[in-house]
Amino acid sequence: MKKIFIINGSQNFAHSGGKFNETVTNWTIEFLKSKNYEIKTTDIKQDFNLEEEVEKFVWADIVVYHTPVWWFQLPNLFKKYIDDVFTAGHNKGIYKSDRRSRVNPDINYGTGGQLHGRKYMLTTSWNAPATAFTLPGEFFEETSVDEGAMFGFHKMNKFVGMEKLNGFHFHDVEKGATAENIVIFKENYTKHLEETFKNL
């Protein structure tokens, strides 16, 4: 699996300049280029062509998504990108249908994707500390990012046929984004990339 499509889902909004996910995207590119992967990228803040974006998903062996989380969801431009591109990919390599039949519409929902054999990896960035997800009595009630806020995102990728790789979640990015912590973020993330891609 040597063809990687990397998506930077950050955007400029209010006090967020999208710089952190731009940095993480560059870390990913740097790592994968050092391993001689073939790379295509999209920055959702820039103009793009829907047909070309569909072709990138079809071309890729692995899709890497980078996104901040705003109000416990994807940023609005990233959500629109996915809505527009996946819809444009209907019968063009992303999905065919929900694959239910009129004979028995109760079964087989979500199995009509056309991206089978491909994998994806998600990174997210949060103002919330990691402990907000793990400690009893804290805000996320001991529910992980992947089983909670990003549950629907993972189901979206499963719907089109992709298999989930272990993701990476950056926490306490606003209050904790000191120069020292950025170095630690990069070190930990690079280790994650090494572990994730070593057997692919």
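These legends describe close-up views of a predicted model.

**View 1. Helix 1, from end to end.**
Helix 1 covers residues 19–34. At 1.5 Å a residue, its 16 residues should span 22 Å. The end C-alpha atoms are 23 Å apart, which agrees. Which residues of helix 1 are buried? They are Phe20, Asn21, Val24, Thr25, Trp27, Thr28, Ile29, Phe31 and Leu32. An α-helix has 3.6 residues a turn, so residues three or four places apart point the same way.

**View 2. Asparagine 36, after helix 1.**
Asparagine 36 follows helix 1. The loop that holds asparagine 36 runs between helix 1 and strand 2 (38–43). Phi of asparagine 36 is positive, about 65°, although the residue is not a glycine. Most residues other than glycine have a negative phi. Is asparagine 36 buried or exposed? Its relative accessibility is 63%, so asparagine 36 counts as exposed.

**View 3. Tryptophan 71, in another loop.**
Tryptophan 71 sits in the loop between strand 3 and helix 3. Its phi is near 50°, a positive value in a residue other than glycine. The relative accessible area of tryptophan 71 is 74%. The cut-off for exposed is over 50%, so tryptophan 71 is exposed.

**View 4. Phenylalanine 57 and its contacts.**
Phenylalanine 57 lies in helix 2. With a relative accessible area of 0%, phenylalanine 57 is buried. Which residues does it touch, not counting those up to four places away in sequence? The contacts are Phe5, Ile7, Val63, Tyr65, Tyr81, Val85, Phe86, Ile94, Leu115, Arg118 and Met162. Lysine 19 is 38 residues from phenylalanine 57 in sequence. In space, the two are 24 Å apart, C-alpha to C-alpha.

**View 5. The largest nonpolar core.**
This core has 31 residues. Which of them touch the most other members? Phe57 and Tyr65 do. At least two residues each come from strand 1 (3–8), helix 2 (50–59), strand 3 (62–68), helix 3, strand 4 (119–125) and helix 4 (131–134). Helix 3 gives the largest share, five residues.

**View 6. Aspartate 146, between helix 4 and helix 5.**
Aspartate 146 is in the loop between helix 4 and helix 5. At 24% relative accessibility, aspartate 146 counts as partly exposed. Not counting residues up to four places away in sequence, aspartate 146 touches Phe151, His154 and His169. Glycine 167 is 21 residues from aspartate 146 along the chain. The C-alpha atoms of aspartate 146 and glycine 167 are separated by 8.6 Å.

Notes. Residues are numbered from 1 along each chain as its sequence is written. This is a predicted model: local features need pLDDT of at least 70, side-chain atom pairs count only at pLDDT 80 or more; totals for chains, interfaces and linings use all residues. Side-chain values use heavy atoms; hydrogens and water are left out. Helices (H or I, at least four residues) and strands (E, at least two) are DSSP runs, numbered from the N terminus. The expected span of a helix is 1.5 Å times one less than its number of residues. Buried means under 20% relative accessible area, exposed over 50%, partly exposed in between (1.4 Å probe, protein chains only). A nonpolar core is a set of buried Ala, Val, Leu, Ile, Met, Phe, Trp, Tyr and Cys residues joined through side-chain atoms within 4.5 Å. Contact means heavy atoms within 4.5 Å.
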